[in-house]
Amino acid sequence: MSAGDTNDSLFDRACRVMPGGVSSPVRAFGAVGGTPYFVARAEGAHVWDVEGRRYLDYVQSYGASILGHAHPRVVEAVRAAAGRGTTYGAPTEGEVLLGEELALRVEGLEMVRLVSSGTEAAMSAVRLARGATGRSRIVKFAGCYHGHSDGLLAAGGSGVADAGLADSAGVTAGAVADTVVAPYNRVPEVGDDVAAVVVEPVAANMGLVAPAEGFLAGLRQACDRAGALLCFDEVITGFRLGPGGASQRFGVRPDLWCFGKVIGGGLPLGAFGGRRDVMEHLAPLGPVYQAGTLSGNPVATAAGLAVLAELDAGAYTMLDGRAAELAAALSEVITGAGLAVQVPRVGPLLGLFFSSSPVCDHDEARAAVANGRYRRFFRAMLDRGVALAPGPYEAIFPSLAHGRDDIERTADAAAAAAREVLGHEVEGRAGASGGTGVDRPGRVRA
Ligand SMILES: *Cc1c(COP(=O)(O)O)cnc(C)c1O
């Protein structure tokens with residue numbers, strides 16, 4: 001950064017050298033409008049942009065920073081690891097320790113393979129499931145996001161949903177021919193040609209959608225009947241909903257898991273794992289090939305271990321408590337301002353839909369988002385120094401660094417932001433009806 005750079009000037013330069021000015025689409029603010037803030041530094045619950053503006057941050061790298069930014073123990077672990085060399089292309093003790101930590105916390109997770117992203121984890125888990133079962137077909141759910149590998153992008157959530165893309169250009173019909181997309185929260189038919197049913201056990205990429213009673217257990221039964229593998233994509237829920245993630249919380253054990261985000265402590269790290277007999281199909285033991293130059297990276301494993309060391313029972317209780325306070329406060333002040341809202345919560349994860357009815361699947365999420373209120377609310381919150389994710393399909397991620405005063409500040413900002421959104425709509429209607437403030441039939445409404 002050169003002196004005097006602003007968000008606008010950096011974005012201009014970024015757009016010349018990077019498509020859309022970003023390294024990942026949602027960051028471009030396409031769904032909410034305006035120029036993205038360029039982060040200069042972050043600490044705890046806050047980020048600062050290049051203009052010196054501070055934001056209370058609920059993005060937290062989409063869940064990768066569960067302790068908050070730049071936690072001293074994580075910074076120290078990263079520093080120490082980097083000083084010993086950043087990558088070797090040889091096995092390290094850190095990988096063993098992290099693998100053991102993951103297996104210790106998640107019941108049924110017998111073996112893991114470390115990778116560098118959630119995308120890689122899900123993509124590799126699918127290959128493994130196909131290799132292990134000798135079957136081709138994959139069942140996924142509309143609105144669930146499993147990274148951007150070809151076969152899993154169909155009807156994805158997150159930025160894919162933002163951009164209004166059913167999937168993506170450049171993905172061949174052949175690449176998705178074996179992907180079946182089913183509606184979330186209904187147990188689909190699982191035929192004996194299905195290698196795996198892949199699911200976010202709590203959907204956190206179409207806003208936040210909790211699994212309906214019996215949905216996950218129903219998937220387990222359907223997979224068992226068909227001889228298919230059940231794969232939980234716990235890239236968001238893993239080590240966040242509790243030490244054992246969603247499988248522990250809902251009492252349903254999959255055959256395979258995908259992890260990312262939390263376990264890298266803010267560095268590029270993912271993992272997939274599961275039953276020993278399935279994992280043993282992986283090279284070098286078995287015929288399913290999977291590899292990575294930076295896999296099990298020593299700096300990333302050090303960061304991940306430092307984070308897991310902080311996540312004891314007390315940490316989860318605190319995180320849940322903060323999230324409960326935040327959900328209650330948001331619901332109360334936004335409703336109080338006169339806007340219908342749903343604030344779904346599963347443990348420490350929150351969603352925000354400006355809708356009068358609960359959201360249970362992708363169609364309902366899209367319908368809830370169609371009124372455009374999230375966009376205006378996001379902008380009004382950002383103006384007040386509170387950063388939500390710049391897209392209506394992302395979850396809200398309070399971290400362990402968010403204190404009670406931060407929750408109160410958020411509630412105050414949300415009350416004012418909700419009034420601003422409503423005021424804007426009333427004004428819009430008044431304008432459309434000739435400034436009288438009275439709706440006339442036949443006029444276009446905001
Ligand atoms: C973020 C995410 C991924 C992809 O992880 P990346 O590290 O971005 O590749 C996969 N699955 C879920 C559920 C995610 O939220």
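Y62 is found in helix 2, which spans residues 60–63, and this residue has a positive phi of about 55° although it is not a glycine. Helices (H or I, at least four residues) and strands (E, at least two) are here DSSP runs, numbered from the N terminus. The structure is a predicted model, in which local features need pLDDT of at least 70 and side-chain atom pairs count only at pLDDT 80 or more, whereas totals for chains, interfaces and linings use all residues. Residues are numbered from 1 along each chain as its sequence is written, and side-chain values use heavy atoms, with hydrogens and water left out.

A positive phi, of about 70°, is also found at F29, which is not a glycine. F29 lies in the loop between helix 1 and strand 1, the latter covering residues 39–43. With a relative accessibility of 3%, F29 counts as buried, where buried means under 20% relative accessible area, exposed means over 50%, and partly exposed lies in between (1.4 Å probe, protein chains only). A further feature of the backbone is the peptide bond from A283 to P284, which is cis, with omega near 10°. P284 belongs to the loop between helix 10 (276–279) and helix 11 (298–310).

For the chain as a whole, 15 helices and 13 strands are assigned. The radius of gyration, taken over C-alpha atoms, is 22 Å, which agrees with the value near 22 Å for a compact globule of 446 residues; the globule rule is 2.2 Å times the number of residues to the power 0.38. Along the principal axes, the C-alpha atoms fill a box of roughly 75 × 50 × 45 Å. Of the 446 residues in the chain, 54% are buried.

Among contacts between residues at least 6 apart in sequence, 71% join residues at least 24 apart. The chain carries 40 positive and 48 negative charges, and their mean positions are 4 Å apart. In this count Lys and Arg are positive and Asp and Glu negative, while His and the chain ends are not counted; the place of a charge is taken as NZ of Lys, CZ of Arg, CG of Asp or CD of Glu.

D5 counts as buried, at 10% relative accessibility, and its side chain makes polar contacts with the side chain of S9 at 3.2 Å and with the side chain of R13 at 3.1 Å. A polar contact is a pair of N or O atoms within 3.5 Å; within protein, one must be able to donate a hydrogen and the other to accept it, and residues adjacent in sequence count only if both atoms are side-chain atoms. When residues up to four places away in sequence are not counted, D5 touches L10, R13 and V50.

Other positions bring together residues from separate parts of the sequence. R373, in helix 14 (residues 373–383), is buried with a relative accessible area of 18%, and, leaving aside neighbours within four places in sequence, R373 is in contact with L339, A340, F354, V421 and E425. V346, in strand 11 (residues 345–346), likewise counts as buried, at 7% relative accessibility. Residues up to four places away being left out, V346 touches V202, L208, A210, L241, R249 and F250, whereas the C-alpha atoms of V346 and M18, 328 residues apart along the chain, are separated by 36 Å.

S116 is found in the loop between strand 4 (111–115) and helix 5 (118–133). Apart from its neighbours within four places in sequence, S116 is in contact with P268, L269, G270, L294 and S295, while S116 and R379, 263 residues apart in sequence, are 33 Å apart in space, C-alpha to C-alpha. A173, in helix 7 (residues 173–176), counts as exposed at 64% relative accessibility. The C-alpha atoms of A173 and V235, which are 62 residues apart along the chain, are separated by 27 Å.

Notes. Contact = heavy atoms within 4.5 Å.
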